Amino acid sequence: MNTFDLAPQTVDMRIIKNLLGRFSLFSGATASNTIATMALLILFSISPGYSCTEDPSVKLTDLKTPDGLDVCIEPFSAIDATVTIDLKMENLVSSAGNDFTCDLHNYRQRNLPYGLTHLHVIDPTRGYKYHYDFHYRIGNLNGHPDTNYVYELPYQKGEHHRINQGYFGAFSHQIGSDTEYALDFDMPVGTVVCAAREGICVAARTDSTNGGPDPAFKICANHVEIRHADGTYAEYVHLRTNGAIVHVGDVVKVGQPIAYSGNTGFSQGPHMHFAVYIPRDGIKVQSMPTKFHTDFGISNGLQQGQVY
Ligand SMILES: [Zn+2]
């Protein structure tokens with residue numbers, strides 16, 4: 001029986017891409033301006049000189065109702081997401097509580113926009129305020145990983161690529177990174193990336209044009225995420241701008257071309273980051289080791305520095 005180690009859950013550097021939570025001070029009109037201003041302030045504070053933008057895979061929106069407002073997820077967001085929200089309010093009460101996690105598996109099949117919580121005005125004769133931060137991860141919480149599944153190498157047959165960074169790699173796969181069991185395949189920009197396992201495309205970000213060897217670039221990574229039958233998710237990261245071949249909702253066969261590699265996000269050079277994970281909540285995920293079919297037989301873990 002194959003097992004995998006659960007890495008200690010320490011400081012999570014990857015959530016920086018999700019730190020641009022929503023801030024709202026609602027007094028009648030200009031919440032969106034406040035949001036934009038806050039986002040810009042945060043961007044410049046973490047990435048001076050860079051032009052990174054927030055990952056648009058999941059967006060929340062606020063809709064006024066006769067007795068308050070609904071906090072909703074926007075229709076163009078990823079299919080599967082787990083969102084953790086921390087609310088602070090005055091003269092409002094939240095139907096879902098002040099601090100909660102929503103598991104949004106296949107939420108697109110529900111009526112949209114999909115409400116996460118209703119904020120009810122307690123005293124209509126007074127004004128009200130609210131502020132929330134949200135964090136999200138692609139995927140839902142009910143995975144039952146098949147640790148014996150054997151993956152295909154995520155590129156076209158006949159190609160060979162070197163593992164530039166393996167499990168627990170010092171650059172960005174270290175303990176606490178949430179990507180302890182990730183693999184970085186060295187490949188030139190524009191290399192065809194193929195699905196290592198069949199599944200459904202649940203997120204595809206390809207609008208970013210930026211990358212570099214600084215954690216501030218984490219929010220700039222283009223990526224495609226595929227949900228597998230056992231509830232695990234594969235992430236294919238650092239894709240080139242407009243580099244997705246598949247779209248959210250597409251059924252993907254193993255070996256099918258899904259994207260073109262690139263160098264966006266937190267990256268030292270052109271490569272493709274691959275990891276399989278299950279979410280823990282809207283902030284943390286658990287990555288897991290993956291077996292692969294290789295020219296040398298089934299590998300229990302691809303080794304840094306080796307070519308496959
Ligand atoms: Zn990586």
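Okay, let's start with Asp178: it has 25 C-beta neighbours inside 10 Å, so it counts as buried. Keep in mind that this is a predicted model. So where is Asp178 in the chain? It's in the loop between strand E9, residues 163-165, and strand E10, residues 183-186.

Now, the backbone. Most residues other than glycine have a negative phi. Asp178 isn't a glycine, yet its phi is positive, at about 75°.

Next up, Asn242. Here we have another residue other than glycine with a positive phi, this one near 55°. Asn242 also belongs to a loop, the one between strand E15, residues 233-237, and strand E16, residues 251-252. Is Asn242 buried or exposed? Well, the cut-off for exposed is 12 or fewer neighbours, and Asn242 has 12 C-beta neighbours inside 10 Å, so it counts as exposed. If you're clicking along, then, look at Asp178 for the buried case and Asn242 for the exposed one.

Okay, over to the strands. I'd like you to find E3, residues 81-90. Which way do E3 and E5 run relative to each other, parallel or antiparallel? They run antiparallel, and six bridges join E3 to E5, which covers residues 99-104. For a pair to click on, take Thr82, whose bridge partner in E5 is Asp103.

E3 has another partner too: strand E7, residues 129-138. That pairing is also antiparallel, and it goes over 10 bridges. To see it on screen, pick Ile85, which stands opposite Phe134 in E7. So that's E3 pairing with E5 and with E7.

Methods: Residues numbered from 1 in each chain as written. Predicted model: local features only at pLDDT ≥ 70, side-chain atom pairs only at ≥ 80, totals over all residues. Helix = DSSP H or I, 4+ residues; strand = E, 2+ residues; numbered from the N terminus. Buried ≥ 20, exposed ≤ 12 C-beta atoms within 10 Å, placed from the backbone. Pairing = 2+ DSSP bridges.
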